[in-house]
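Me: I'm new to this one. Can you walk me through it?

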Amino acid sequence: MDIMFKSTRGDKNYVTASQAIVKGIADDGGLYVPETIPAIDFNLEDITGYSYQELAYQVLKLILTDYTEEELRYCINSAYDEKFDTPKIAPVVSPNSKDNFLELFHGKTIAFKDMALSILPYLLKTAAKKNGVHEEIVILTATSGDTGKAALEGFADVEGTQIIVFYPVEGVSDVQKMQMVTQKGANTCVAAIKGNFDDAQTSVKQIFTDNQLKAELKENGYVFSSANSINIGRLAPQIVYYFYAYAQMVNAGKINMGDKINFTVPTGNFGDILAGYYAKHMGLPVNKLICASNDNKVLYDFFETGSYDVNREFILTVSPSMDILISSNLERFLYHLCNSTEKVAEVMGNLSSAGKYEFKTNDEITGEYATMAETFKSIKDLFDKDGYVMDTHTAVAKASYDKYVAQTGDNTPNVIVSTASPYKFAKDVLKAIDVKYDGINPFEALDELERISTISIPAPIKGINTREVLHNTVIDRSELKSFVQNKLK
Ligand SMILES: *Cc1c(COP(=O)(O)O)cnc(C)c1O
């Protein structure tokens, strides 16, 4: 029996996994969720011997049930190959007896978005074929910095697709920006939006629910899909690495099979941590999920008070991929908690009209946050003590985790989900390590970080500042729709 997906907001059209992946978002603006979260049908004991690819198959087959084994294995093997700089794909690294980092930055764009965006193009192409979609698929993506590049890499020159990425002028790192504006590929398009990430994401979501525009473009031979974590094809592949981290913790003798563990996840759009929640409900022994925020601590306040309120200043931090006030995937979590599409539609209505809502959560997820000063201190302390360099996002999680332990005394073994290579944010990482680096040129920072750390500059960003800039459009938020229309005439 296929698992069917439905909108969190009550649209009555149930779709298969492959249809949900093609559509990206439901017609009523809701997000697709599985009717029920499937339980694992393999023995947990067995995963300690699985490769990443095998584990991916075992997990994905439970959720993406309308894909055949052959299709899934093709997608998995095409995604998780030498594009990653380690055959482990997602290694757990433990610089001391207490800290365990699940490094999700060994892919082509050196951030965790590669985990899902390496496979999404294959899942999508396969889905289009299965469902007889003949139009060209246009991937529209708003990015806080990392999704954009990972999606561009994933979709560049993929036949039958075009990709358009919007990034906020305010608030992506220099390396992130260079990665995007130098992107090659005849089907790629990158534009900067005046505003912040929420502005970009909201404008893109509006396009997805603009039925007139969709009809017009269908005439021209195009359909939209999304590479953002609102797409279930992003979420499902992320579940895999929670199981994989657990297996590595067992293999390293840090836990016994069956023991519960905690995960601390640096959170923005709530997609990464939501995959951890799915893993838990599929049967992974998880005690707590600790949701770490930066100074934009809407989620922390929400988990503390039950009140989600975006009426506050948007703060540009040193962890730009987490500078988000409207965390899209929280909607899915709310749905799973209350099981009521009416309730979700109501609170999402309140969010768009008043910028806030009330909702009672349970204690499966705990919120924590770290200020910029705490984040910097965390990078420095761990580097001085153990020589391990964290990027600024991972450091938000590490600082949050340390605060959580200090407050609760919870000594359950913990895995910190490490979402980016320190090289992606080298300038701020160096500044954290020593004030003498304040003001260093972002590209010189790469060489300097290589000099003081034990890891070399990752190949994907070596010499990035000398590459040719191919995309330099900057548009107003209000021009987004006409920009897309012009592009797809
Ligand atoms: C996207 C991103 C995050 C946040 O992940 P979400 O799934 O949006 O919560 C954290 N760190 C880095 C480096 C990212 O790129």
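Predicted model: local features only at pLDDT ≥ 70, side-chain atom pairs only at ≥ 80, totals over all residues.

Me: Let's start with the largest pocket. How much space lies in it?

Reply: About 570 Å³. Its lining has 26 residues. Nearest the centre are Thr202, Lys205, Ile326, Leu351 and Ser352.

Me: Which helices supply at least two residues of that lining?

Reply: Helix H8 (197–208), H13 and helix H14 (341–354) each do. H8 gives the most, with six residues.

Me: And how do the lining residues divide into nonpolar, polar and charged?

Reply: There are 10 nonpolar, 10 polar and six charged residues in the lining.

Me: You mentioned H13. I was looking at His336. Where does it lie?

Reply: His336 is in helix H13, which covers residues 330–338.

Me: Is His336 buried or exposed?

Reply: Buried. The cut-off is under 20% relative accessible area, and His336 counts as buried because its relative accessibility is 17%.

Me: What is it in contact with, leaving aside neighbours within four places in sequence?

Reply: His336 is in contact with Val33, Pro34, Ile37, Tyr277 and Tyr278.

Me: New topic. How many residues has the largest nonpolar core?

Reply: It has 153 residues. Those with the most contacts inside it are Leu64, Phe243, Phe263, Phe270, Leu330 and Tyr357.

Me: Which helix gives the most to this core?

Reply: Helix H10, residues 232–251, with 14 residues. Another core lies apart from the largest one. That other core has 26 residues, among them Cys189, Ala200, Ile230 and Leu488.

Me: Back to Phe263. What is it in contact with, again leaving aside neighbours within four places in sequence?

Reply: Its contacts include Tyr242, Ala245, Leu284 and Leu289. Asn414, Val415 and Val417 are also among them.

Me: So where do I look for Val415 and Val417?

Reply: Look at strand S14, residues 414–418. Val415 and Val417 point one way from S14, and Asn414, Ile416 and Ser418 point the other way.

Me: How many of the five residues in S14 are buried?

Reply: Five of five, and the strand is mostly covered.

Me: Which strands pair with S14?

Reply: Strand S4, residues 101–103, runs parallel to S14 and is joined to it by three bridges. Glu103 has Ser418 as its bridge partner. Strand S9, residues 261–266, also pairs with S14 in the parallel sense, over three bridges. There, Thr264 stands opposite Ile416.

How values were computed. Residues numbered from 1 in each chain as written. Heavy atoms only, no water. Helix = DSSP H or I, 4+ residues; strand = E, 2+ residues; numbered from the N terminus. Buried < 20%, exposed > 50% of the residue type's maximum accessible area, 1.4 Å probe, protein only. Contact = heavy atoms within 4.5 Å. 1 Å grid on protein atoms, 1.4 Å probe; cavity = no way out; pocket = protein on both sides within 12 Å on 5 of 7 lines; lining within 4 Å. Points joined across faces, edges and corners; volume = space filled by probe spheres on them. Nonpolar A, V, L, I, M, F, W, Y, C, P; charged D, E, K, R; others polar. Core = buried A, V, L, I, M, F, W, Y, C linked by side-chain atoms within 4.5 Å. Pairing = 2+ DSSP bridges.
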